[in-house]
Amino acid sequence: MAGDFDWSLLEQPYAMAMVRSQLGFSWLVLVADLERLSDHEWAWEPTPDAYAGAPTPTVHPRGAHLTEAFSMRYDYTFGSHTGPRDDVRFAGNAAGAVAALADQVGAWDSR
């Protein structure tokens, strides 16, 4: 899943190149960890008494949020502008979640 970063994007002075370069570099940094994510890590939840304050979101809600955000923003930027939240499907395991996020990042990267 990990690939080489296209450094030439940083030399192209237009908005899409800046967005793609930020996305590409961020994905390059993140994907190495995601490729090693196990189902146990993906589903991890802290014990109820683990935090004195507000609970911290765990891996799967954060991954779902990223997938949803990429999907909806892509639809509103390049698609039909109608993609409701209900159309975003969330995976039930680590591999599926990483693949869904990779598909959304790939859609942006292909533009």
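1. **Ground rules.** The model is a prediction, so local features need pLDDT of at least 70 and side-chain atom pairs count only at pLDDT 80 or more, while totals for chains, interfaces and linings use all residues. Residues are numbered from 1 along each chain as its sequence is written, and side-chain values use heavy atoms, with hydrogens and water left out.

2. **Overall layout.** The chain has four helices and zero strands, which gives the pattern α-α-α-α along the sequence. Helices here are DSSP runs of H or I with at least four residues, strands are E runs of at least two, and both are numbered from the N terminus. Of the 111 residues, 23% count as buried. That word stands for under 20% relative accessible area, with exposed meaning over 50% and partly exposed in between (1.4 Å probe, protein chains only). Among contacts with a separation of 6 or more, 59% are between residues 24 or more positions apart; a contact is heavy atoms within 4.5 Å.

3. **Helix 1.** This helix covers residues 15-35, 21 residues in total. Its end C-alpha atoms are 29 Å apart, which agrees with the 30 Å it should span at 1.5 Å a residue; the expected span is 1.5 Å times one less than the number of residues. You will also find a kink of about 30° centred on Val29. The bend at a residue is the angle between axes fitted to the seven residues ending there and the seven starting there. The buried residues of helix 1 are Ala17, Arg20, Ser21, Leu23, Trp27, Val31 and Leu34, and they pack against helix 3 (59-78) and helix 4 (94-109).

4. **Helix 3.** With 20 residues, helix 3 reaches 28 Å from its first C-alpha to its last, close to the 28 Å expected at 1.5 Å a residue. Thr67, Glu68 and Asp75 are buried in this helix. Seen down the axis of helix 3, the buried residues fall within an arc of 95°, so they line one face of the helix; the arc is that of the directions from the helix axis to the C-beta atoms. As background, an α-helix has 3.6 residues a turn, so residues three or four places apart point the same way. What covers the buried residues of helix 3 includes helix 4.

5. **Thr67 and Phe78.** Beyond its neighbours within four places in sequence, Thr67 contacts Ala97, Ala100, Leu101 and Gln104. Phe78, also placed in helix 3, counts as partly exposed at 23%. The C-alpha atoms of Phe78 and Trp108 are 9.3 Å apart, although 30 residues separate them along the chain.

6. **The largest nonpolar core.** A nonpolar core is a set of buried Ala, Val, Leu, Ile, Met, Phe, Trp, Tyr and Cys residues joined through side-chain atoms within 4.5 Å. The largest one has 13 residues, of which Trp27, Leu34, Leu37, Trp42, Leu101 and Val105 touch the most other members. Helix 1 and helix 4 each supply at least two residues of this core, and the largest share, seven residues, comes from helix 4. Val105 contacts Leu23, Trp27 and Phe70, leaving aside neighbours within four places in sequence.

7. **Trp42.** This residue sits in helix 2 (residues 39-42) and is buried, with a relative accessible area of 14%. Leaving aside neighbours within four places in sequence, the contacts of Trp42 are Leu37, Val59, His60, Ala91, Gly92, Asn93, Ala94 and Ala97. Trp42 and Val98 are 56 residues apart in sequence, with 9.9 Å between their C-alpha atoms.

8. **The salt bridge.** The count comes to one salt bridge, defined as a side-chain nitrogen of Lys or Arg within 4 Å of a carboxyl oxygen of Asp or Glu. Asp33 pairs with Arg36, the closest N and O atoms being 2.6 Å apart. Asp33 is partly exposed at 48% relative accessible area, whereas Arg36 counts as exposed at 56%.
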